[in-house]
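Dear colleague,

Please find below the structure that I am handing over to you. My findings follow it, beginning with the sheet and ending with the helices.

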Amino acid sequence: MTESAAGYVLGPGDGRAIDLGAFSMTVKASEEQTGGLFSLLEATEPPGFGPPLHIHHGIAEAFYVLDGEYLVVIGDEEHRCSAGSFILVPAGTLHGFRVGGVPSRKLNLYLPAAMVGYFDEMSEAMTAGDGTDERLSEIAGRYAMQVIGPVPDGYL
């Protein structure tokens with residue numbers, strides 16, 4: 001890990017957008033900007049949306065719910081998380097989530113920096129019409145992510 005080149009400020013709505021079809025991510029801080037310490041993304045997701053159950057090997061993930069509601073699974077426990085909730089998922093822990101009944105937004109924090117490349121590659125695959133379960137697992141593997149559960153309808 002190296003030191004960041006410079007501090008910076010992003011205003012509301014600022015950051016690099018990643019279009020993922022049913023949902024979108026905005027990169028607020030990348031590995032390059034934080035010297036590898038962390039990455040931060042903002043997610044905007046529709047009701048009922050969520051990824052398959054998965055594990056990040058060697059990477060902790062945290063969520064902060066900005067708007068709406070999420071049902072978060074950590075291991076074998078489910079937690080209903082409304083706006084203002086903070087969720088920590090230690091590295092190597094099975095987890096997933098589903099958006100509640102309204103469009104929702106959250107911040108995703110990865111420690112150390114990770115996952116920006118995963119979302120970029122998923123966006124490229126979906127744009128190319130290659131958003132398959134097999135492609136998802138292949139891309140996930142490059143980013144120390146293991147897909148465990150079935151891929152829910154609407155994720156790809």
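**The sheet and its helices**

An open sheet is formed by 6 strands in the order S1-S2-S3-S10-S5-S8, with antiparallel pairing. Strands here are DSSP runs (E, at least two residues) and helices are DSSP runs (H or I, at least four), numbered from the N terminus; two strands pair if DSSP finds at least two bridges between them. At the edges stand strand S1 (16-20) and strand S8 (86-89), each with a single partner strand, so one side of each is left without a neighbour in the sheet. From one strand to the next, the twist averages 20°.

Please note that this is a predicted model, in which local features need pLDDT of at least 70 and side-chain atom pairs count only at pLDDT 80 or more, while totals for chains, interfaces and linings use all residues. Residues are numbered from 1 along each chain as its sequence is written, and side-chain values use heavy atoms, with hydrogens and water left out.

Within the sheet, strand S2 (residues 23-29) is joined to S3 by 5 bridges, and the two run antiparallel. Ala 29 stands opposite Leu 40 in S3. Strand S3 (residues 39-45) has 5 of its 7 residues buried (under 20% relative accessible area, with a 1.4 Å probe and protein chains only), so S3 is largely enclosed by the rest of the structure. On to strand S10 (residues 104-111): 7 bridges join S3 to S10, again antiparallel, and Thr 44 stands opposite Arg 105 in S10. Strand S5 (residues 60-67) is also joined to S10 by 7 bridges and runs antiparallel to S10; here Val 65 has Lys 106 as its bridge partner.

Turning to the helices, H2 lies across S1, S2, S3 and S10 and runs at about 50° to S1. Helix H2 (residues 116-127) and helix H3 (residues 133-142) have axes that come within 9 Å and cross at roughly 155°; axes are lines fitted to C-alpha atoms, for helices over the stretch in contact, and angles run from 0 to 180 degrees between N-to-C directions. H2 and H3 are therefore roughly antiparallel to each other (an angle over 145 degrees). In their contact (heavy atoms within 4.5 Å), Tyr 118, Glu 121, Met 122 and Ala 125 in H2 meet Arg 135, Leu 136, Ile 139, Ala 140 and Arg 142 in H3. By class, this contact has 6 nonpolar, no polar and 3 charged residues; Ala, Val, Leu, Ile, Met, Phe, Trp, Tyr, Cys and Pro count as nonpolar, Asp, Glu, Lys and Arg as charged, and the others, Gly among them, as polar.

With kind regards

Key. Angles under 35 degrees count as roughly parallel, over 145 as roughly antiparallel, 65 to 115 as roughly perpendicular and the rest as oblique. Buried means under 20% relative accessible area, exposed over 50%, partly exposed in between (1.4 Å probe, protein chains only).
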